[in-house]
Amino acid sequence: MTGGDGMPVVTYSRSTDGEKQLSKNFKVREFVCGDGSDSVLIDDDLIQILQNIRDHFGVPVIVNSAYRTHAHNARIKGSPTSQHLYGTAADISLQGVPPLIVCQYAEHILDYRGGVGIYSNFTHVDVRANRSRWDERSGIQVSVSGFPGYGGVKNARNDDDHAHAGQAPSGSKPERTQAESNEPAQIEPTPMEPTPAPKTPVVVYKPDGESTVTLEGFNLQGSVYVQVRALSETLGYTVDWDGKQVTVNKDF
Ligand SMILES: [Zn+2]
C-alpha cells in the first residue's frame with residue numbers, strides 16, 4: 001500500500017510495535033487510533049514531515065490525532081475521505097508555537113502538495129499527493145489559498161514586505177542564520193495573528209485509560225479556557241455549534 005505520494009504506508013500493531021521508534025522523536029504509539037484499535041497505519045513520508053517540523057522548531061510535537069479507523073472517524077464525524085483514515089495525516093500542536101506559525105512552516109516544506117489545515121489550537125498536516133489548504137478556526141471549514149509568511153532563511157530577504165510594527169529598519173537587521181531561525185523565540189507572528197492570550201497546557205485523560213492529550217488552554221483573567229470542540233474531539237464526542245441560536249449541541 002502506498003500513500004498519495006507513493007511512499008509506503010506501513011501497518012503497525014499497537015501492542016507489539018507501540019514502543020517502536022519511527023524516527024528520532026516519534027514512536028508508533030503516538031499515531032494509534034483513539035478507539036484503542038490494534039492496527040495503526042502510518043505513512044513514512046508523514047513521519048519525515050513531522051520530524052522536519054520537530055527539528056525546525058526544536059520543541060516536542062504533540063500528536064493529538066493521527067490514524068483513525070473508519071468506525072472511529074464516523075463517530076467523531078470526520079470527513080468520509082479524511083486522510084486520517086489512510087495513515088497520512090496528523091493533528092499536531094507544538095508548545096509555545098501558534099498554529100499559524102506551524103502552518104507557515106508546513107506550507108514552506110510541503111509547497112505544492114499535501115494538506116495543511118489551521119484550527120484554533122492545532123494544525124492538521126497530511127501528505128496527500130495534491131495540495132489542499134483550509135482554515136477551520138471558526139469551527140467551519142473555509143478553503144484558503146495557503147499560509148504564506150514563513151520567516152526562515154529562504155525568505156529572509158523578503159521580510160521587508162511584511163513591515164512588522166515596531167521592527168527595526170530592515171537595513172540594520174542582521175541576516176538570520178539557520179541556527180537562530182530554529183529557536184522559537186526568533187519566530188515572529190505575522191500581523192494576521194491576533195495577540196494571543198497566555199497559553200496554559202491542559203492535560204486530558206482519554207477514556208481508554210492509557211493515553212493523555214495535552215490541549216492548549218488560554219489563560220484569560222485567571223481562568224483557563226479550552227475550546228469545547230477541541231475537548232470533545234479529543235474525547236471522541238461530537239459537538240455541533242449552532243451559530244443562530246448561539247448554543248452548543250452536545251452528543252456526550
Ligand atoms: Zn486532521
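User: What covers the buried residues of α4?

Analyst: In this predicted model, the cover over the buried residues of α4 includes α2, β4, β5 and β6.

User: Which residues of α4 are buried?

Analyst: Burial is judged by counting neighbours: a residue is buried if 20 or more other C-beta atoms lie within 10 Å of its own. In α4 the buried residues are P99, I101, V102, C103, Q104, Y105, A106 and L110.

User: How many residues does α4 have, and what does it reach from its first C-alpha to its last?

Analyst: α4 has 12 residues and reaches 16 Å, close to the 16 Å expected at 1.5 Å a residue. Just after the helix, D111 takes a positive phi of about 60°.

User: What does α4 give to the largest nonpolar core?

Analyst: Start with the core itself. It has 39 residues, and V40 and I42 touch the most other members. The elements that each supply at least two residues are β2 (39-43), α2 (44-57), β3 (61-65), β4 (89-94), α4 (99-110) and β5 (114-118). Of these, α4 gives the most, with 6 residues.

User: Which residues is V40 in contact with, leaving aside its neighbours within four places in sequence?

Analyst: V40 is in contact with Y12, R14, V28, F31, V32, C33 and Y67. For the chain as a whole, take the contacts between residues at least 6 apart in sequence: 55% of them join residues at least 24 apart. Buried residues make up 30% of the 252 residues, and the chain has 6 helices and 13 strands.

User: Where is R113 found, and why does it count as partly exposed?

Analyst: R113 is found in the loop between α4 and β5. The class follows from the neighbour count: R113 has 15 C-beta neighbours inside 10 Å, so it counts as partly exposed. R113 and R128 are 15 residues apart in sequence, yet their C-alpha atoms are 6.8 Å apart in space.

User: Which strand is joined to β5 in the parallel sense?

Analyst: That is β7 (residues 131-135), which runs parallel to β5 and is joined to it by 5 bridges. V116 has R133 in β7 as its bridge partner.

User: In which sense do β7 and β8 pair, parallel or antiparallel?

Analyst: β7 and β8 (residues 142-143) pair in the antiparallel sense, over 2 bridges. D135 stands opposite V142 in β8. The hairpin of these strands has 6 residues between them, and G139 takes a positive phi near 95° there.

Terms used
Residues are numbered from 1 along each chain as its sequence is written. This is a predicted model: local features need pLDDT of at least 70, side-chain atom pairs count only at pLDDT 80 or more; totals for chains, interfaces and linings use all residues. Helices (H or I, at least four residues) and strands (E, at least two) are DSSP runs, numbered from the N terminus. A residue is buried if 20 or more other C-beta atoms lie within 10 Å of its own, exposed if 12 or fewer, and partly exposed in between; C-beta atoms are placed from the backbone. Two residues are in contact if their C-beta atoms, placed from the backbone, lie within 7 Å. A nonpolar core is a set of buried Ala, Val, Leu, Ile, Met, Phe, Trp, Tyr and Cys residues joined through C-beta atoms within 7 Å. Two strands pair if DSSP finds at least two bridges between them. The expected span of a helix is 1.5 Å times one less than its number of residues.
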